[in-house]
Amino acid sequence: MNQHRKNEILLTAPTLLWLVVFFVIPSFAMLLISFRPANVYGGIEDGWTLGAWQALGNPDYPIILWRTVRLSLITTVICLAIALPVAFLLGRLEGKWRGTLLMLVIVPFWTNFVIRVAAWRVLLHPEGMLRQGLVHLGLIHPDTLLLYNEGAVLMVMVYTHLPFAILPLYAAAERFDYSLLEAARDLGANGFRAVMRIFVPGVSQGLLTAMALVLIPALGSYVIPDLVGGTSDEMIGNKIAQRALGDRNLPQAATLSIALLAITLLPILVVFLINRRERAESR
Amino acid sequence: MKASRVPALILAVVLAFLYLPILLLVINSFNEARYSSTWGGFTLKWYKALGTWENRDLWSAATRSLFIALASSLSSMVLGTLSACALHWYRSRLQRINHGVLYLPIVIPDLLMGISLLLFFVALGTSLGTGTILIAHITFCASFVTVVVLGRLQGFDENVIAAARDLGASNWVIVRRVILPLLAPGIIAGGLLAFTLSVDDYVITFFVTGPGSTTLPLKIYSMVKHSKDLPVINAISTLFLALTFLVVWLSQRLTEHQPNRDSR
């Protein structure tokens with residue numbers, strides 16, 4: 001082995017070995033454990049079974065998986081719809097303003113995640129100012145709760161994931177040539193049409209990244225439905241946590257996690273394939 | 001072209017949406033009234049309550065969080081720097097595998113990393129606690145540090161190494177006197193990112209923690225979940241906010257000022 005190769009291995013080995021032991025092997029271990037029986041002490045028994053996989057047919061799980069996908073997709077669409085005009089504006093601004101406003105968008109996310117979700121719990125609290133005010137103005141019924149429902153889950157999911165949509169779209173908008181929009185207007189397109197037909201395709205790469213960066217963590221949500229959702233708003237993350245730490249059925253937690261992983265890999269695969277096709281086309 | 005006002009309006013609404021809950025939280029931490037619906041006058045009593053005997057477990061949780069964040073950011077600085085150098089300087093099949101393994105922890109939901117580590121530790125019979133939390137944090141932090149240091153390496157002038165070698169510097173001297181000082185801002189920025197990620201983490205820690213190893217986010221979560229001592233949570237959150245601002249501000253300064261120094 002030559003010196004070059006030896007240096008490469010010396011540089012690569014520590015981190016790669018660490019990640020193989022604590023990331024790659026645990027991922028495969030999860031697959032193995034999903035075929036093991038659980039024992040009564042909350043551990044894993046020897047032997048093989050399809051029990052945990054068959055239990056996925058339990059009507060609760062498909063409903064919750066579908067709810068997870070639906071809420072994550074709605075969150076992604078709302079985030080992209082808000083982030084597009086914001087990125088459009090930030091990309092068009094001059095350097096100084098752009099930097100300041102971008103900072104203003106990012107700063108709230110320096111706050112601890114749990115605290116941000118907790119802040120919404122305070123804001124939407126039944127005794128809180130917001131609900132009392134809305135009831136007072138007659139905008140909502142005195143019995144309406146702002147917390148513990150799907151609306152609250154969606155609102156907080158949009159809140160926590162928004163910067164993941166804004167940042168990649170902003171990066172794409174920064175490279176976008178805004179004079180193209182003027183050209184389109186000169187040719188008779190109205191402003192909205194010009195933006196939809198020229199700006200949106202122009203930042204398609206950013207849209208794709210934004211979609212993946214919102215959709216993937218959203219699918220793995222656990223804290224938000226747990227803190228601001230009701231019992232009928234549970235997502236797959238809540239079920240995984242309940243199986244793993246509540247009633248301690250580890251094989252069941254493993255099968256649910258693999259189901260979540262499979263759903264998560266789908267958008268990753270889509271982005272990967274589209275990127276590869278675009279690279280092949282540009283060659 | 002006359003710019004439409006619509007995007008500016010949307011940005012204003014978005015900023016209000018982003019700041020409203022946090023501002024409310026900070027204001028309520030100084031609110032005399034126990035329930036946030038009314039303003040009962042300015043007070044520091046919730047901050048004073050933080051120092052009392054009843055809240056001592058908050059402080060032990062905070063100390064544990066800081067220790068874990070410090071240890072995992074330092075370890076991941078070493079691991080991340082090594083792997084960034086490997087990825088940057090070598091093009092081989094090994095590096096393609098390395099690349100995939102390093103990026104996956106960033107891409108998949110953190111919940112999945114938490115559960116797979118829990119299953120792994122249980123299968124091995126490892127007792128859960130501060131040690132397993134530390135392992136989990138180093139695992140996700142290493143990838144993030146790698147990405148940050150790799151960014152710094154992209155602007156690296158390879159001629160500097162060649163020049164040092166021509167001048168007779170040994171490999172060790174080159175690493176210590178040339179490469180490390182040039183990479184330092186990237187390594188430190190990566191370390192600060194790792195620190196904030198570690199201090200912030202709830203989901204992964206929740207899965208791999210054991211009895212008696214409560215971190216600050218875990219402690220705050222259980223207080224929030226049981227709606228216990230909400231004003232005290234507001235106070236500690238505000239302090240936490242101030243600390244995070246300090247760390248991020250520092251890391252921003254480090255990454256911002258570096259290009260100027262290079263061009264001089």
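**Figure 1. Glu174(A) is partly exposed, at 41% relative accessibility**. Buried means under 20% relative accessible area and exposed over 50%, with partly exposed in between (1.4 Å probe, protein chains only). The model is predicted: local features need pLDDT of at least 70, side-chain atom pairs count only at pLDDT 80 or more, and totals for chains, interfaces and linings use all residues. Residues are numbered from 1 along each chain as written, chains are lettered from A and ligands numbered from 1 in written order, and side-chain values use heavy atoms, without hydrogens or water. Which residue pairs with Glu174(A) in a salt bridge? The partner is Arg98(A), and the closest N and O atoms are 3.3 Å apart. A salt bridge puts a side-chain nitrogen of Lys or Arg within 4 Å of a carboxyl oxygen of Asp or Glu. Arg98(A) sits in helix α4 (residues 95–106) of chain A, and Glu174(A) sits in helix α7 of chain A, so the pair ties together parts 76 residues apart in sequence. Helices (H or I, at least four residues) and strands (E, at least two) are DSSP runs, numbered from the N terminus. Look at Arg98(A) itself: its relative accessibility is 16%, so Arg98(A) counts as buried.

**Figure 2. Arg70(A) and Glu150(A) join their side chains in a salt bridge**. The N to O distance is 3.2 Å. Arg70(A) belongs to helix α3 (residues 60–92) of chain A, while Glu150(A) belongs to helix α7 (residues 150–174) of chain A, so the bridge ties together parts 80 residues apart in sequence.

**Figure 3. Gly229(A) lies in a loop of chain A**. The loop runs between α11 (223–228) and α12 (236–246). Gly229(A) has a relative accessible area of 9%, so this residue counts as buried. Gly229(A) and Glu150(A) are 79 residues apart in sequence, but their C-alpha atoms are 6.3 Å apart in space. Which residues touch Gly229(A), once neighbours within four places in sequence are left aside? They are Tyr148(A), Asn149(A), Val153(A) and Ile224(A). Contact here means heavy atoms within 4.5 Å.

**Figure 4. Asp57(B) and Lys219(B) form a salt bridge in chain B**. Their closest N and O atoms are 3.1 Å apart. Asp57(B) is part of helix α3 (residues 56–89) of chain B, and Lys219(B) is part of helix α10 (residues 216–225) of chain B, so the pair ties together parts 162 residues apart in sequence. The two ends of this bridge can be read one by one. Asp57(B) is partly exposed, at 35% relative accessibility. Lys219(B) is buried, with a relative accessible area of 14%.

**Figure 5. Thr146(B) is a buried residue of chain B**. Its relative accessible area is 1%. Where does Thr146(B) sit? It is in helix α6 (residues 130–154) of chain B. Neighbours within four places in sequence aside, Thr146(B) is in contact with Gly80(B), Ser83(B), Ala84(B), Leu87(B) and Leu102(B). Compare Thr126(B): it is 20 residues from Thr146(B) in sequence, and the C-alpha atoms are 28 Å apart.

**Figure 6. Chain A meets chain B across an interface**. In contact are 77 residues of chain A and 75 residues of chain B. Leu11(A), Phe23(A) and Trp110(A) supply 10% of the area that chain A buries against chain B, more than any other three residues. The two chains bury about 7,300 Å² between them, and carbon and sulfur atoms give 79% of that. Buried area is the accessible area (1.4 Å probe) that two parts lose on being put together, summed over both. How many salt bridges cross between chain A and chain B? The rule finds one. Asp226(A) and Lys225(B) meet in a salt bridge, 3.1 Å from N to O. Over all chains of the structure, the search finds eight salt bridges.

**Figure 7. Chain B has 11 helices and zero strands**. From the N terminus on, its elements read α-α-α-α-α-α-α-α-α-α-α. Its C-alpha atoms fill a box of roughly 70 × 65 × 35 Å along the principal axes. Chain B holds 264 residues, and 50% of them count as buried. Now take its contacts with a separation of 6 or more: residues 24 or more positions apart account for 71% of them.
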